[in-house]
Amino acid sequence: MSTLTPPRAEHFDPASSSAWQALERHAEAQREAAFRVSGAFVLDPERAQRFTLEAAGLVLDFSKQRIDGDTMRLLVALAAERAIEARRDAMFGGARVNATEGRAALHVALRAPRDAARRYAVDGVDVLPAVHEELDRLRTFSEQLRAGQWRGHRGQAIRDVVNIGIGGSDLGPRMVCSALRRWTHPGLRVHFVANVDGADFDRVVATLDPATTLFIVCSKTFTTQETMLNAARARGWLLSHGVAASDLGRHFVAVTTNLDAAQAFGIAPERCFRFENWVGGRFSLWSAVGLAAMLAVGVSAFDELLAGAHAMDEHFATSPLAQNMPCVLALLDLWNHYFLGAASLCIAPYAEDLRELPAYLQQLVMESNGKSVAVDGTPLTVASCGAVFGAAGTNAQHAYFQWLHQGTSSVAVDFIAPLAPTGTSADSHRVLLANCFAQSEALMRGKSADEVRAELAAAGLSEAAIAAWVPHRCFPGNRPSNTLLLPALSPHSLGALLALYEHKTFVAAALIGINAFDQWGVELGKQLATSLATALESGVIDTRRDASTRALIARARVALANHTFD
């Protein structure tokens, strides 16, 4: 066992927390004083500088949050009361911080360099040699395939790679391939199949040549229903297009912890890439799960992705709480959610190549922190995390930004933008950045009735028209946002960005006393789906099921019986 253990899994009751109570009093005082961020900028010329952090090449401007110096002091006091530094050190030390599954959560070891000064151990065993042994296997395979040396059953080079996975086995590599498209191999296309809906598989394989296609079956347990069904379809597709059973091995590799199950499927051990059970699915991009991304962008770019994440790891592991970017992000999230009533967090990346980032962060945050009990199993006395949603700017401005600006719900926003263009037009990038900065400014400033009246009067409207228009054109403002700047959308900065949100998620969980590393909430639906699939096929319906479910099964069976599949 590791000598490092996490702090005692006590139940956290905010009502008994002096730091939490101090924050409640402070929030009430801010409300009574009608605190406005725009006014705080006027009173404090150094505000932007005071509330900006830099780490691993990223810049976090949190000066548009509804905070002052006392807010941050009280938030940091809460982090200290919750022993965030000790909990962080326990995670880095390989302690079994995933208490409900009895596992470490040492994904930081996956991006540590071979000669790292820090020791990464689980149960006293240094894990870096095994991590780098597997990483070397991934590099060798990737370079062979990208060079055209891995060939299909007809001796042709592989031109299409299909990653079959779901959740953490899909969202991470899918997002990286999109974000780092400028690094992708010009002669290699990487595709993703995740949905059990057969249309997803059909869409992907419609334009592929079986002779030049490789499937990656990516499943930690190699039992995930959606993944294994799609893997079986891939095998059937190859066989139906003339690939002999003895040649299937040229068109499959596996990423899994269950080598026996992969071999039973027909994938030989030498074509399996492993990761350890202390790697959680939504934290697994850095492991063999990232194979599809490595194939797409190349070994050097993937190594830079790891290096960027490691740089953020070191910042998180060594920086004091008040200057610790993941910790500050988590504290701001807590302040907005629990004390200002923000029920959700909007992720607004102003980069088309980051369009997959909101979905990736949805899983990271909501699967990690969507819990109702504390680590010790007692009910939470506060709400769990808020909802996470988003889309790429500027498209999002024409979707839900109306709601952000004038809706009745309180929503916090993380604006994310690379300073260097990702496209080929400097003019387009200037307009993109202008929109990003304008939206955060508008959310903060708002527009008062007096400002609207003056605008409309200058336009020559009558008093009656002005009176009618004013309510519709006012913006409340004072809505909190962060702005995260990347020097460029590069492998290094992307790695740092993703590690930042990973660590923020861990801190956010620790602040309210929950386990960020399990996901029992996804299991019940999986279990019920297995028995329902049998009922849909056989027509034998358990009479103990509710009337609604029985009726739905009956209707579905009629529809399936009457449908002709192409």
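Strands S12 and S13 run parallel and are joined by six bridges, with helices (H or I, at least four residues) and strands (E, at least two) taken as DSSP runs numbered from the N terminus. Within this pairing, Ala417 has Leu485 of S13 as its bridge partner. The structure is a predicted model in which local features need pLDDT of at least 70 and side-chain atom pairs count only at pLDDT 80 or more, whereas totals for chains, interfaces and linings use all residues. Residues are numbered from 1 along each chain as its sequence is written, and side-chain values use heavy atoms, with hydrogens and water left out.

Both strands belong to an open sheet of six strands, ordered S1-S2-S13-S12-S10-S11 with mixed pairing; two strands are regarded as paired if DSSP finds at least two bridges between them. Strand S1 (52–55) and strand S11 (387–390) each have a single partner strand and stand at the edges, so one side of each is left without a neighbour in the sheet. From one strand to the next, the twist averages 20°. Strand S2 (residues 58–61) pairs with strand S13 (residues 481–486) in the antiparallel sense over three bridges, and Val59 stands opposite Leu485 in S13.

Helix H14 (residues 357–369) lies across strand S10 (344–349), S11 and strand S12 (411–418), and runs at about 175° to S11. Axes are lines fitted to C-alpha atoms, for helices over the stretch in contact, and angles run from 0 to 180 degrees between N-to-C directions.

Helix H5 (residues 84–92) packs against helix H19 (residues 491–512) at an angle of about 125°, with the axes 10 Å apart. H5 is therefore oblique to H19, the class left after angles under 35 degrees (roughly parallel), over 145 (roughly antiparallel) and 65 to 115 (roughly perpendicular). The contact (heavy atoms within 4.5 Å) is made by Ile84, Arg87, Arg88, Met91 and Phe92 of H5 and by His503, Phe506, Val507, Ala510 and Leu511 of H19.
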